[in-house]
Amino acid sequence: MSDKRKARTVAETPTHSPVGGPGSGSRPASEQDAPVIVSNVPGSFARGVLANRHPALIEQVRDAFPYGPRQHEALDALLDANNNGVIEPLAPSESDQELWWGWGRELFGRSWFDAPFLWAESYFYRRLLGAVGYFGAGPWQGVDPFAPFKRAELRGTAVDEELRALDALAGVPADERATALLHASVRGNRADLGFRVTEGDTAPGAAADDLVADDSPLLWQLLPAGAGATVAVVADNAGRELIPDLILIDHLLLHRHAERIVLHVKPYPYYVSDAMTADVVDCLRRLAEAPGEAGRIGSRLWDAMATGRLEVRAHPFFCSPLPYEEMPGDLRAEFAAATVTILKGDLNYRRLVGDRAWNATTPFADRTAYFPGAAAALRTLKSDVTVGLEQETLDALERSGTAWRTSGTHALIQVRG
Ligand SMILES: O=P(O)(O)OC[C@H]1O[C@](O)(CO)[C@@H](O)[C@@H]1O
């Protein structure tokens, strides 16, 4: 962690005020130095994730596998630490111990609730994987603890229906189809398994598809047909999100909005349902084995993988607790070479603009000015961070009196060219 980042984080943590909910859009966050979001504010969304979602998730994972005593004990210890304890560093025998030490040196020994929300959530997932033996030599090595949930979702009838709907879409003009597929990719971000861990969460797709910002014309301007573009897509969730992402990718390739697409996934399980290479394979199989248009899309994508027009990458940075502003040089070069980078989902958004209590009218272009090349965020709002809203939009959202920032009822398409 850079000294600059460390100083900002530590200094701001205790002075952080609650974010989210009605009235929060008018808080006087300076454009340069909005407070880092932490989880120690009673009633805040961030606190709810640590206090409610993480314990529920531990139990779900525990119930989903016939783990042995070692895993049960480690899960008990993680539950206890999450609820009552302080953050412990990884054991020296862990291969990424030094990395995490560097990323959180000043946080170890403090309460989970006092750490920056993004860091605490990321480290929780790292500890969960450790507890179930994902990294250790042994029989549970490499067994994705979220695989049963991902698999169940992919096999569900909702996916059948979504794939069948592609048959009707095949006949509509290409530009209408492009818009529909772009929106499906945004909406797919509602289908986040983590979002459904605790009761009372809004069901995906249950509410109106409200875009609070829509820069899609700029996205299409950046990708005129036949211009030989390379597009980077930073994936978010597997299953019901990745399927529409892949369908959009097929459309971009088929209509030559892109000559080549690099799909960035996580190198190991992360944030419940985040996509890894194995999930891309499962989704491609699901598509390829489907009847009709979905099957045709699946076999085109399968071919695109074979020719290199579609390539999958899994950079370790994607599982770090860092904002994109701190991305390493090789990833920066990769994004710089792309015509546009499409970042899917809420977590990527937090890492893109910074997990801070920004004033919601802070321009998206300002918050992403550091990004090496054009960037497009396709995101359902599932946490407090939001930038780039028009004042009237923000006023209307605040007047609505709803938890518009966190309930998954609203979405956005924001682009910086
Ligand atoms: O899958 P997505 O869209 O990145 O959403 C992940 C979001 O879910 C949460 O982890 C809460 O469960 C947020 O803190 C996080 O930003």
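1. Strand β2 (residues 230-234) has 4 of its 5 residues buried, so it is largely enclosed by the rest of the structure; here a residue is buried if 20 or more other C-beta atoms lie within 10 Å of its own, exposed if 12 or fewer, and partly exposed in between, with C-beta atoms placed from the backbone. Strands (E, at least two residues) and helices (H or I, at least four) are DSSP runs, numbered from the N terminus. The model is a predicted one, in which local features need pLDDT of at least 70 and side-chain atom pairs count only at pLDDT 80 or more, while totals for chains, interfaces and linings use all residues. Residues are numbered from 1 along each chain as its sequence is written.

2. β2 pairs with strand β3 (residues 260-264) in the parallel sense over 5 bridges, where pairing requires that DSSP finds at least two bridges between the strands. Within this pairing V233 stands opposite L263 in β3. Leaving aside neighbours within four places in sequence, V233 is in contact with D245, I249, I261, L263, H264 and I342, contact being defined by C-beta atoms, placed from the backbone, that lie within 7 Å.

3. Helix α7 (residues 157-169) has 13 residues that, at 1.5 Å a residue, should span 18 Å, and its end C-alpha atoms are 19 Å apart, which agrees; the expected span is 1.5 Å times one less than the number of residues. V159, L163 and L166 are buried in α7. Seen down the axis of α7, its buried residues fall within an arc of 35 degrees, so they line one face of the helix, the arc being that of the directions from the helix axis to the C-beta atoms. The face turned away from this buried side carries the exposed residues T157, E161 and A168, while the cover over the buried residues of α7 includes α6 (147-155), α10 (242-254), α11 and α12 (292-307).

4. R256, in the loop between α10 and β3, has a positive phi of about 60 degrees although it is not a glycine, and it counts as partly exposed, with 14 C-beta neighbours inside 10 Å. V272, in the loop between β3 and α11, likewise has a positive phi, near 65 degrees, and is a residue other than glycine; V272 is buried, with 23 other C-beta atoms within 10 Å. Most residues other than glycine have a negative phi.

5. A278 lies in helix α11 (residues 277-288) and counts as partly exposed, with 15 C-beta neighbours inside 10 Å. The C-alpha atoms of A278 and A232 are separated by 19 Å, the two residues being 46 apart along the chain.

6. For the protein as a whole, the secondary structure comes to 16 helices and 7 strands, and buried residues make up 46% of the 417 residues. Among contacts between residues at least 6 apart in sequence, 77% join residues at least 24 apart.

Technical notes:
Contact = placed C-beta atoms within 7 Å.
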